[in-house]
Amino acid sequence: MTLSEIKELLKADLIVGEHKLEMVLQAGAGSDLMSDLLRGPKDGVVVLSGLNTLQVIRTAVIAGVAAVVLVRGKRPEPEMIAQARAHDLPLLSTPFTMFTACGRLFRQGLRGVEQKLSE
Amino acid sequence: MPHLTKSFAIKARDYIRGGDVSIQIQGLLKTIGFDAALIRRASVCAYEAEMNVVMHGGDGTVTLTVDTDGIVIDVKDEGPGIENIELALQEGYSTASEEQRELGFGAGMGLPNIQKNADGLEIESEKGEGAHVKIVFKLRSNGG
């Protein structure tokens, strides 16, 4: 699933990553727990999170996450945007809740990280 | 493989800057040209250890050493120390505050995750004496 498709499905604002809209995401993960994101490789993974802090961006960069979507319409602080831009990490904001946002992506074929690992 | 030693300061309870040192370490390891899986393991360990100092420790330092044997991430802080290292290594054991949990940390996964990702982990600490965490990654003959 491309970043562009994710943006459409989630009716999301693209805050960082205009030039990466054609990037293909292999799997998705939803978590507010940074410790969970730090377990296992996250290459090609889009992460949905309700946590709107700088640590989401830093954790994503460290874990190798491919894109971050903030749920429930959360708007990132300027410093988060600057960090995402500095690390070329696409950052989106969707009005949907975590459950609904994950469901909308899953229904269209995006699978969880455990699916990716078992393939 | 170039030899490198570089130290970074960590400030306790600085949740704004917390993690920045590990991002710098990740950048250095990328510049040196290690393989992506090793960089990820080392960066994750550095980040877990750095956030431990930010959350639980006092001010501290991280020293990154790279040589022909591998990568060493050495973290020292002047905080209250780890009272029971065996307990701290158990998944789910945490002394984090509500504020720290709200930041997405403090699930008791930090040290166990370091242990899982590193080739070697040494922890020296006594109550009131700070903590010293040494994390080792060995370079293998196939290049790591």
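This is a predicted model: local features need pLDDT of at least 70, side-chain atom pairs count only at pLDDT 80 or more; totals for chains, interfaces and linings use all residues.
Residues are numbered from 1 along each chain as its sequence is written, with chains lettered from A and ligands numbered from 1 in the order in which they are written.

Let's begin with chain A, which has 6 helices and 5 strands. Helices (H or I, at least four residues) and strands (E, at least two) are DSSP runs, numbered from the N terminus. Along the sequence they follow the pattern α-β-β-α-β-α-β-α-β-α-α. The radius of gyration of chain A, taken over C-alpha atoms, is 13 Å, which agrees with the value near 14 Å that a compact globule of 119 residues would have; the globule rule is 2.2 Å times the number of residues to the power 0.38. The C-alpha trace of chain A spans about 35 × 30 × 25 Å along its principal axes.

Of the 119 residues of chain A, 44% count as buried, meaning that 20 or more other C-beta atoms, placed from the backbone, lie within 10 Å of a residue's own. Contacts are pairs of residues whose C-beta atoms, placed from the backbone, lie within 7 Å. Among the contacts in chain A with a separation of 6 or more, 52% come from residues 24 or more positions apart.

Now look at helix α3 of chain A, residues 54–63, where 10 of 10 residues are buried. Among them are Leu54(A), Arg58(A) and Ala63(A). Within chain A, the buried residues of α3(A) pack against α2 (34–37), β3 (45–49), β4 (67–70) and α4 (78–86), and they also pack against α1 and α2 of chain B. Just after α3(A), Gly64(A) takes a positive phi of about 80 degrees.

That brings us to the contact between the chains, which takes 16 residues from chain B and 16 residues from chain A. On the chain B side, α1 (20–32) and α2 (36–56) are the elements that give two or more residues, and the largest share, 5 residues, comes from α2(B).

Finally, the largest nonpolar core has 72 residues, and Val68(A), Val69(A) and Ile73(B) have the most contacts inside it. Such a core is a set of buried Ala, Val, Leu, Ile, Met, Phe, Trp, Tyr and Cys residues joined through C-beta atoms within 7 Å. Here α2(B) gives the most, with 12 residues. Leaving aside neighbours within four places in sequence, Val69(A) is in contact with residues including Leu10(A), Val46(A) and Leu92(A).

Technical notes. A residue is buried if 20 or more other C-beta atoms lie within 10 Å of its own, exposed if 12 or fewer, and partly exposed in between; C-beta atoms are placed from the backbone. Two residues are in contact if their C-beta atoms, placed from the backbone, lie within 7 Å.
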